[in-house]
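Please take some time with the sequence and the model shown here, and then follow the paragraphs below, which go from one part to the next.

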Amino acid sequence: MFTGIIESVGTLRKIERRGDDIRLSVASNKLDLSDVRLGDSIATNGVCLTVVECLGDGYVADISAETVSLTGFAKYQVGTKVNLEKAVTPTTRLGGHMVSGHVDGVATVDDRQYRGKAIEFWLSAPVELARYIAHKGSITIDGVSLTVNEVQDNRFRLTIVPHTAGETTLESLKAGDKVNIEVDLIARHLERLMTYTNKEASQPESNVTMDLLARSGFLR
């Protein structure tokens, strides 16, 4: 689990193709790796990756074909800058929102404008993800926890304050760029719950009652 508060901007220094999978070597720059062990998780541009080798000044991680297909990693090159965050601990401040590191898809930057000192972005999300994006709701962009300020169909607007822009890769984004997005975790779980609730409600009452009795142990 992560918060979407970026700790460092790293650099991809090696990309090894292994069939449909990828092995990455990441230079962590100012990220403190003194407490990182093999098997620990580090969000890399929003993707939860497992450390398979510690390098002192970086780490190595594997990316499966499934993850490659849903993220921007298929297009990344050596030298690409990536946002980094270590997994939360019981004492971590939850300054952003609950982020799983399981990217849902890729959005496209449509427009970039300055609003005062802040940067305003309009992005287009995949249509199937639009229902999870709400006005003043949370969304994760390349691992950064952000608030949605406006929604129009599958398009949404973000405002990036100077501090966030300077501490992440978002400052370099331009129209046409692709970004990893993770929609709100709670929205996904609520949809799943409601889907099953509606299914059970649509069953004949007698079937639902018998099923509940069987689960309770009254019917043997």
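Is Glu191 buried, partly exposed or exposed? Glu191 counts as partly exposed, because its relative accessibility is 28%, where buried means under 20% relative accessible area, exposed means over 50%, and partly exposed lies in between, computed with a 1.4 Å probe and protein chains only. This is a predicted model, in which local features need pLDDT of at least 70 and side-chain atom pairs count only at pLDDT 80 or more, while totals for chains, interfaces and linings use all residues. Residues are numbered from 1 along each chain as its sequence is written, and side-chain values use heavy atoms, with hydrogens and water left out.

Side chains of opposite charge can pair when their charged atoms come close. Glu191 forms such a salt bridge with Arg131, with the closest N and O atoms 2.5 Å apart; the term stands for a side-chain nitrogen of Lys or Arg within 4 Å of a carboxyl oxygen of Asp or Glu. Glu191 lies in helix 3 (residues 185–201) and Arg131 in the loop between strand 8 (118–124) and strand 9 (138–141), so the pair ties together parts that are 60 residues apart in sequence. Here helices (H or I, at least four residues) and strands (E, at least two) are DSSP runs, numbered from the N terminus. Arg131 itself counts as exposed, at 56% relative accessibility.

A search of the whole structure finds 11 salt bridges. Another of them joins Glu167 to Lys30, whose closest N and O atoms are 3.0 Å apart. This pair links distant parts of the chain, since Glu167 is in helix 2 (residues 162–167) and Lys30 is in the loop between strand 2 (21–27) and strand 3, 137 residues apart. Glu167 is partly exposed, with a relative accessible area of 32%, whereas Lys30 counts as exposed at 57%.

A further salt bridge is formed by Arg157 and Glu150, with the closest N and O atoms 3.0 Å apart. Arg157 counts as buried, at 16% relative accessibility, while Glu150 is partly exposed, with a relative accessible area of 27%. These two residues also belong to a network of salt bridges that links Arg115, Glu120, Glu150 and Arg157.

Thr44 has its place in strand 3 (residues 41–44), and it is buried, with a relative accessible area of 0%. Not counting residues up to four places away in sequence, Thr44 touches Leu49, Tyr59, Phe73, Val82, Asn83 and Leu84, where contact means heavy atoms within 4.5 Å.
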